[in-house]
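Me: Could you take me through this structure slowly, setting each value against the definition that gives it its name?

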Amino acid sequence: MAARHGLLLLLFVAAAAVAYAGKGKGHDGGGTGGLRFRREGGTFKVLQVADMHYADGRSTPCEDVLPAQDRGCSDLNTTAFLYRVLRAEDPDLVVFTGDNIYGADSTDAAKSMDAAIAPAIAMRLPWAAVIGNHDQEGTLSRESVMRHLVGMKNTLSRFNPQGVEIDGYGNYNLEVGGVEGTLLANKSVLNLYFLDSGDYSTVPSIPGYGWIKASQQAWFKKTSASLQKNYTNEDPKQKDPAPALAYFHIPLPEFGSFTASNMTGVRQEGISSASINSGFFTTMVEAGDVKAAFIGHDHLNDFCGKLTRIQLCYAGGFGYHAYGKAGWSRRARVVSVQLEKAEGGEWQGVKSIKTWKRLDDQHLTTIDSEVLWNRGSNGGRRKNGDGS
């Protein structure tokens with residue numbers, strides 16, 4: 001039975017790859033990485049995949065699943081889920097937010113990373129990644145893991161900004177251009193920041209996890225200021241800066257600010273942030289362009305909460321070799337950014353940012369749809385019944 005289950009998963013994976021090969025949407029032009037908003041609908045969609053914990057494929061067992069799911073369950077279930085959600089959402093960008101592999105259980109870290117990311121590559125989708133605290137615990141160092149990611153097909157990941165002394169590996173930004181043929185076609189109407197939140201503290205007197213360092217924050221501030229200046233000062237000049245999203249792995253201490261009364265989603269475990277506060281949340285508030293930050297790390301948390309005009313969002317655990325909670329579905333977070341439409345019908349700057357989650361259940365259920373930000377307001381808490 002287990003062998004039959006594994007064969008069915010392999011057949012599903014192969015069929016999905018064939019069905020979507022060559023179906024790229026033409027992510028040409030407009031900003032770093034060639035990303036731009038779609039003409040039809042004026043949208044840009046990001047799928048966040050957190051904590052796959054991929055190891056050796058079929059031989060790697062699942063963690064924390066129901067007894068009925070356990071037999072034959074492996075990394076291949078993670079692969080199948082990724083194909084399912086990619087087909088259902090058809091994102092413009094896939095973002096892997098760390099602990100993409102579980103290095104300690106991986107025989108060959110490079111092969112594990114290739115297998116983990118394979119569905120996005122097979123479907124010819126642009127993707128970007130940051131690293132977590134487990135990616136480097138196998139046969140590759142932290143630096144080598146990021147260099148491997150940067151060398152993979154279809155990746156928009158970058159090792160680090162050139163000519164900048166900066167801590168960590170995988171600090172970079174991507175720009176998303178407006179709709180082709182419009183006045184904002186050559187301007188970045190949405191900015192994406194990716195940061196290495198570290199793994200573990202290297203300071204003997206400070207226990208626990210790593211944090212975003214001063215050098216990274218200096219790069220972020222300089223990059224944000226430059227992007228905002230270009231957007232508002234260069235023709236066609238815009239009144240307000242373009243909104244931005246930030247992606248990294250380890251939560252900031254501020255993620256602990258919420259209760260059930262002021263968040264959407266669930267908090268089922270503690271906030272495993274660094275034991276010190278390096279001030280990156282304040283840095284984002286002062287910069288003013290980041291409307292939401294997205295992380296992983298704590299697999300049983302999947303909430304969003306707004307603090308000082310910034311939405312702080314967990315994705316929830318994705319991978320089957322990662323710890324979880326039996327009966328609580330693995331999940332992914334989707335973010336959909338919508339452009340404003342002028343009276344004449346032309347697409348303009350960003351109007352709103354929405355999010356929802358997809359569960360790996362029988363119906364790939366959509367839950368917790370909400371508006372994170374609306375232009376002209378400080379963000380929303382409005383919830384909808386589905387991902388529309």
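**Cavities and helix contacts**

Reply: The residues that line the largest cavity divide into 10 nonpolar, five polar and one charged. The model itself is predicted.

Me: How many residues line the largest cavity, and which lie nearest its centre?

Reply: The lining holds 16 residues, and those nearest the centre of the largest cavity are Trp211, Ile212, Pro251, Leu252 and Pro253.

Me: What volume does the largest cavity have, and how many cavities of 30 Å³ or more does the structure hold?

Reply: The volume of the largest cavity is about 80 Å³, and the structure holds two cavities of 30 Å³ or more. The second largest cavity contains about 50 Å³ of space.

Me: What makes up the lining of the second largest cavity, by class?

Reply: Its residues divide into four nonpolar, five polar and one charged. Among the residues lining the second largest cavity are His299, Gly317, Trp328 and Arg330.

Me: Why is the term "roughly parallel" used for helix α6 and helix α7?

Reply: The axes of α6 (residues 214–233) and α7 (residues 280–287) come within 10 Å and cross at roughly 15°. Angles under 35 degrees count as roughly parallel, and therefore α6 is called roughly parallel to α7. The crossing of α6 past α7 is right-handed.

Me: Which residues make the contact of α6 with α7?

Reply: On the α6 side the contact is made by Gln217, Phe220, Lys221, Ser224 and Gln228, and on the α7 side by Phe280, Thr283, Met284 and Ala287. By class, this contact has four nonpolar, four polar and one charged residues.

Me: Why is α3 described in relation to α4 as "roughly parallel"?

Reply: Helix α3 (residues 75–89) and helix α4 (residues 109–122) pack with their axes 9 Å apart, at an angle of about 25°. The cut-off for roughly parallel is an angle under 35 degrees, so α3 is roughly parallel to α4. α3 passes α4 in a right-handed crossing.

Me: What classes of residue does the contact of α3 with α4 have?

Reply: Thr79, Leu82, Tyr83 and Leu86 of α3 meet residues of α4 including Ala115, Ala118 and Pro119. By class, the contact has nine nonpolar, one polar and no charged residues.

Notes:
Residues are numbered from 1 along each chain as its sequence is written. This is a predicted model: local features need pLDDT of at least 70, side-chain atom pairs count only at pLDDT 80 or more; totals for chains, interfaces and linings use all residues. Side-chain values use heavy atoms; hydrogens and water are left out. On a 1 Å grid over the protein atoms alone, a cavity is a set of points where a 1.4 Å probe fits but cannot get out, and a pocket is an open set with protein on both sides within 12 Å along at least five of seven lines; lining residues have an atom within 4 Å of a point. Grid points are joined across faces, edges and corners, and a volume is the space filled by probe spheres set on the points. Ala, Val, Leu, Ile, Met, Phe, Trp, Tyr, Cys and Pro count as nonpolar, Asp, Glu, Lys and Arg as charged, and the others, Gly among them, as polar. Axes are lines fitted to C-alpha atoms, for helices over the stretch in contact, and angles run from 0 to 180 degrees between N-to-C directions. Helices (H or I, at least four residues) and strands (E, at least two) are DSSP runs, numbered from the N terminus. Angles under 35 degrees count as roughly parallel, over 145 as roughly antiparallel, 65 to 115 as roughly perpendicular and the rest as oblique. A crossing is left-handed if the near helix is turned anticlockwise from the far one by less than a right angle, and right-handed if clockwise. Contact means heavy atoms within 4.5 Å.
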